[in-house]
Amino acid sequence: MALRYDCYLFDFDGTIADTGEGITKSVAYSLEKLGRPVPDQAILDRFIGPPLHDSYMQYCGLNEEEAERAVALYRERYTDVGLYESHLYPGIAMLLRALHRAGAWVAIASAKPQFMLERLAKHYGIDAYLDNIVGIGLDRHSADKRDLILRALPEGTEPGRACMAGDRRFDIGAAKALGLFAVGADYGYSEPGELLAAGADAVFEDLYAMAECLLDGQAPRGVFISLEGSDGCGKSTQIALLKEHLQRRGFDVVLTREPGGCPISERIREVILSLDSKGMSSECEALLYAASRVEHVREVVEPALKSGKIVICDRFLDSSIAYQAYGRELGEAFVRQINEPATRRAMPQRTLLLELNRDQARRRMANGAPLDRLEIEKEDFFARVQQGYDALAKAEPERIVRIDASRGIDQVFSDVRAAIDGLLDT
Ligand code: TYD
């Protein structure tokens, strides 16, 4: 994908991350320590973005020397505590990743101390998508944003080949003064009208709209992940942990399941799994799973992928191969064929197969909820399901990552995370 610019620079506070809580709490802390009144939240919010030193003087009436003390006190709390009272804006990671993958130079230019930016980028896992991180040295209390922008660009870059996104007039003003294309992130901490008045070339209230502009109208396609495994393998726990991990990394995550995931498919699920459906033919069962899948892909999976989200699906096609093609002995060709309307629209890029042997699975299920129509099947059925998964994993070792699920939750999750981070960071 060819992009309009060679370099994309981002401010950090209010553009990549919502850092408000940690900053305002640390400003309040510093003023309390100085024995100064703490202003109301609206004033505290103005500290987010611009150089701190100037804000203490402008909003709290501190003189040079007092402002310096205040900054030191602020850092006392912010460095270890406040820094992590923040979160990335949902979807920002997919934008940075898409720019990076398209071959652009992606960098941060922020008035935050350099070491904090580096720490945060690593903590949130966006460092994989960044070519450069530029902040201020600890000996400085303020910085000229123009200087930060110039340092963030590769040497010799023609300013007209670069674009800067930021949420405050300092970002926009500096970018325009240097001749960069300036994009205003109005979802951050700007005041009404601030960014247009500062000369922004475009202003967006929504991160997704901004992403579309930066990517020239081509929203990044999301990433489709599925989890598979025998009943009782601990999928639900791992899925919840994975969702939390990816959200922390700044991805927008949609969690869904099969059979089900949307109203029509949930109704099909009831028919398939109900003990009232005993005696259902294997063909009918396979077709119902396929019907549920095509609806689910059309209604949930495909729209989420189109808008750049990560879809985590509890089971997908591989379950039909393992349970219907192998377990019910319907054969792989038939099952693949009836699922084609769904799989031509979307197939997981990575599938985590949580493996447990049958004895371990049975023991884990023994204390669980009442069994459904599939769970009461005989042992030879589950042995064939196992063979099915085995054959799939051997046939597609790139997509399907086998994970030993007999270990503790944390050990299993460390493999789950590595497999997904590995996919997202390449
Ligand atoms: P569910 O309660 O979601 O099981 P689990 O928590 O183990 O994922 O029930 C889904 C059942 O349906 C499960 O036994 C596997 C089976 N299944 C198939 O046989 N074929 C399929 O295509 C899918 C998606 C599930």
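A residue is counted as buried when its relative accessible area is under 20%. By this criterion Tyr289 is buried, because its relative accessible area is 9%. The model in which this value was computed is a predicted one. Tyr289 is found in helix α13, and it is among the members of a core of 33 residues that also includes Ile272, Leu353 and Phe381. The C-alpha atom of Tyr289 is separated by 42 Å from that of Ala104, a residue 185 positions away along the chain.

The chain is divided into three parts: domain 1 comprises 7-16 + 92-214, domain 2 comprises 20-84, and domain 3 comprises 223-424. Between the centres of domain 2 and domain 3, taken over C-alpha atoms, the separation is 50 Å.

Nonpolar packing was examined next. The largest nonpolar core has 81 residues, of which Phe10, Ile16, Tyr56, Met210 and Leu246 touch the most other members. The core of 33 residues that has Tyr289 among its members lies apart from this one.

Phe10 also belongs to strand β1 (residues 7-10), where Tyr8 and Phe10 point one way and Cys7 and Leu9 the other. All four of these residues are buried. Strand β1 is joined to β4 by four bridges, and the two strands run parallel. In this pairing Phe10 stands opposite Ile108 of β4. Four bridges also join β1 to strand β6 (residues 162-166), again in the parallel sense, and here Tyr8 stands opposite Cys163 of β6. Strand β4 in turn pairs with strand β5 (residues 132-136) over four bridges, with parallel strands. Ile108, the residue of β4 that stands opposite Phe10, is placed opposite Ile133 in β5. Because seven of its nine residues are buried, β4 is largely enclosed by the rest of the structure.

The structure holds three cavities of 30 Å³ or more. In the largest cavity there is about 200 Å³ of space. Its lining is formed by 19 residues, and those closest to the centre are Pro50, Leu52, Ala111, Lys112 and Pro113. At least two lining residues are supplied by each of α4 (64-78) and β4 (105-113). Divided by class, the lining of the largest cavity has 12 nonpolar, three polar and four charged residues.

The largest pocket has a volume of about 690 Å³. Of its 30 lining residues, Asp231, Lys235, Arg315, Asp372 and Glu375 are the closest to the centre. Two or more lining residues come from each of α11 (235-248), α12 (263-273), α13 (282-306), α14 (317-327) and α17 (358-366). With four residues, α14 gives the most. The lining of the largest pocket has 11 nonpolar, eight polar and 11 charged residues.

In the second largest pocket there is about 230 Å³ of space. The lining of this pocket consists of 12 residues, and Arg97, Ala98, Arg101, Pro220 and Arg221 are the closest to its centre. Helix α5 (residues 92-101) gives the most to the lining, with four residues. By class, the lining of the second largest pocket divides into seven nonpolar, two polar and three charged residues. Domain 1 and domain 3 both give residues to this lining, and the second largest pocket therefore lies between them.

Technical notes: Residues numbered from 1 in each chain as written. Predicted model: local features only at pLDDT ≥ 70, side-chain atom pairs only at ≥ 80, totals over all residues. Heavy atoms only, no water. 1 Å grid on protein atoms, 1.4 Å probe; cavity = no way out; pocket = protein on both sides within 12 Å on 5 of 7 lines; lining within 4 Å. Points joined across faces, edges and corners; volume = space filled by probe spheres on them. Nonpolar A, V, L, I, M, F, W, Y, C, P; charged D, E, K, R; others polar. Buried < 20%, exposed > 50% of the residue type's maximum accessible area, 1.4 Å probe, protein only. Pairing = 2+ DSSP bridges. Domains from an automatic or database assignment. Core = buried A, V, L, I, M, F, W, Y, C linked by side-chain atoms within 4.5 Å.
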